[in-house]
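Please look over the model shown below before reading the notes that accompany it. The notes are grouped by topic and are meant to be read alongside the coordinates.

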Amino acid sequence: MKDNQPLWLNNAIFYEIYPQSFNDTNGDGIGDFQGIIEKLDYIKELGCNALWINPCFASPFGDAGYDVSDYYLAAPRYGTNEDLKRLFDEAHKRQMHVLLDLVPGHTSVEHKWFKESMKAQKNEFTDRYVWTNSIWEEPQGMGCIRGISDRDGSCAVNFFSHQPALNYGFYKPDPTKPWQQSMDDEGPKATLGELKNIMRFWLGLGCDGFRVDMAGSLVKHDEDSKGTIKLWQNVREFLDNEFPHAAMVSEWGEPNKSLQGGFHMDFLLHFGPSHYNDLFRCEEPYFSGRGKGDVSQFVAKYLHNYEKSEKKGLICIPSGNHDMDRLARHIKGDNLKIAFAFLLSMPGAPFIYYGDEIGMNYVENLVSVEGGYGRTGSRSPMQWDDTLNAGFSLAPQEKLYVKLDDSPDRPTVKAQMADEDSLYNEIKRLIEIRQANKALQSKGEIEFVYAQENEYPFVYKRSADDEAVLVILNPANRAVTFDCNYTLGKAIYCFGGKAEQNGGKITVPACFAGYYKL
Ligand code: NOJ
């Protein structure tokens, strides 16, 4: 990879917007681009300087927009392409950057490419998706769509069964299965060419890069991801030539691979082997006040990835996202502040899921909306204030995209902004501190100082150039003591009291977070 780092990524703090539920300005019960524009100042004031917007292209919304039917058209319910361009411009005016969500692995069954590829007669799109040569043959291990086309074949799916897999080829096509194409065949090459056209189109309009959905899923039967890495290197080359400053963040979960593929940062995933859920979303999360959690396996896996990518594969840790339970479903009260003291002091860019900054709750017992299923409760309307529909929309309640949290004590932005001790204001302070200390930012190094099995606190050192900061986090409801060879310097952040050093031992109070200069 050339030295093409978009410098703004180094101190980027992202705010993830699920556009359906953020801010509705035309009264249809669904958020829109104008709604996002109107809240840019709010996001900036919180301290976030970058956005990730979930898919906002034309779609039948069988998977909330992750089933695209036209990559070149903004979903009309959010506005027009011009409105989206205006959103980029308005963000740039505020020194903010915008990542769109790129879904390269599959489309909706409604996409015109898929409709064409279903035809018996050969055409330009026959090889756009992964099809077998007979309806009686299934593509191994992928699930398929069959029996709905004149074409005699089964089409592989990439996620839900209405999301046919785009064809980027097989890493090593099986010679006994002639329908498996190689990456160098015409069909896969055309798919990749079209992917670049899509990126070119939106980057040309002013978006700053992409969060890439299921980035590791493109080349099939690619056990070590060698083909998929090669494919992304090819994309990187195109970006280096035409859009060297485009930022690329992958949903992959293997930073050593995504880095080789030319991505700048990779997400820590809430599924697979990351142990992310040990922190916030399991029976005894480490950050809950009960103090019965374990951080050690998360740290071991994190370190493994960190070393494997030579400390360069930046891992972004989200507060939550549209696919997982709200943070506040498991972590309560002041412990949310400790959780954010962690999220905002780790390497890689932090991602704050809309509403997590006020501790919005998971809305229980909802009927699935747009393929959300259990995820629907994390996709409820943003709670701005105490006016109609919490200020999200002027639509009648029954028209809201997802039901609002109707609990009487639901948090709102307005109330939390006015309260010095709120989660919102704590996060704002934490962001200011991160931005004032290079050691705490994305590229600062990390060394784990105390992360013992089933023990508290959790301690690590962040450093950059000649700056070093020791982060001490004790979410548990009891004071704890740990051995430490470092001498604590000035506290640049303290919540819940202060650390006492006694020679090689440091004691911190219950529910405490502190950042100390070394
Ligand atoms: C990951 C996305 O985050 C999720 O919401 C979506 O359903 C799948 N990929 C399929 O695109």
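What follows is a briefing on the ligand site, the domains, the cysteines and some backbone features.

This is a predicted model, in which local features need pLDDT of at least 70 and side-chain atom pairs count only at pLDDT 80 or more, while totals for chains, interfaces and linings use all residues. Residues are numbered from 1 along each chain as its sequence is written, and side-chain values use heavy atoms, with hydrogens and water left out.

**Ligand site**

- A polar side-chain atom of D63 is placed 2.7 Å from an oxygen atom of the ligand, an N or O atom in the side chain of H106 is 3.0 Å from a ligand oxygen, and for a polar side-chain atom of R211 the distance to an oxygen atom of the ligand is 3.2 Å.
- The ligand taken alone exposes 290 Å², of which the protein buries 98%, with accessible areas computed by the Shrake-Rupley method with a 1.4 Å probe and, for residues, with only the protein chains shown counting as cover.

**Domains**

- An automatic or database domain assignment gives the bounds, and the protein is divided into domain 1 (7-105 + 188-434), domain 2 (106-167) and domain 3 (446-517).
- The C-alpha centres of domain 2 and domain 3 lie 54 Å apart.

**Cysteines**

- With a disulfide taken as a pair of cysteine sulfur atoms within 2.5 Å, the count comes to 0 disulfides.
- The sulfur of C144 has its closest cysteine sulfur in C155, at 8.4 Å, which is too far for a bond, and likewise the sulfur of C207 is 9.2 Å from the closest cysteine sulfur, in C56, too far for a bond.
- Buried means under 20% relative accessible area and exposed over 50%, with partly exposed in between (1.4 Å probe, protein chains only); C144 counts as partly exposed at 22% relative accessibility, whereas C207, at 5%, counts as buried.

**Backbone features**

- Most residues other than glycine have a negative phi, and most peptide bonds are trans.
- Helices (H or I, at least four residues) and strands (E, at least two) are DSSP runs, numbered from the N terminus.
- A cis peptide bond, with omega about 0°, joins Y456 and P457, and P457 lies in the loop between β13 (445-450) and β14 (458-464).
- A64, which is not a glycine, has a positive phi near 55°; A64 lies in the loop between β3 (57-58) and β4 (70-74) and counts as buried at 2% relative accessibility.
- H221, also not a glycine, has a positive phi of about 50°; H221 is found in the loop between β8 (209-212) and α6 (226-242) and, at 37% relative accessibility, counts as partly exposed.

Terms used:
Polar contact = N/O pair within 3.5 Å; in protein donor to acceptor, adjacent residues only side chain to side chain.
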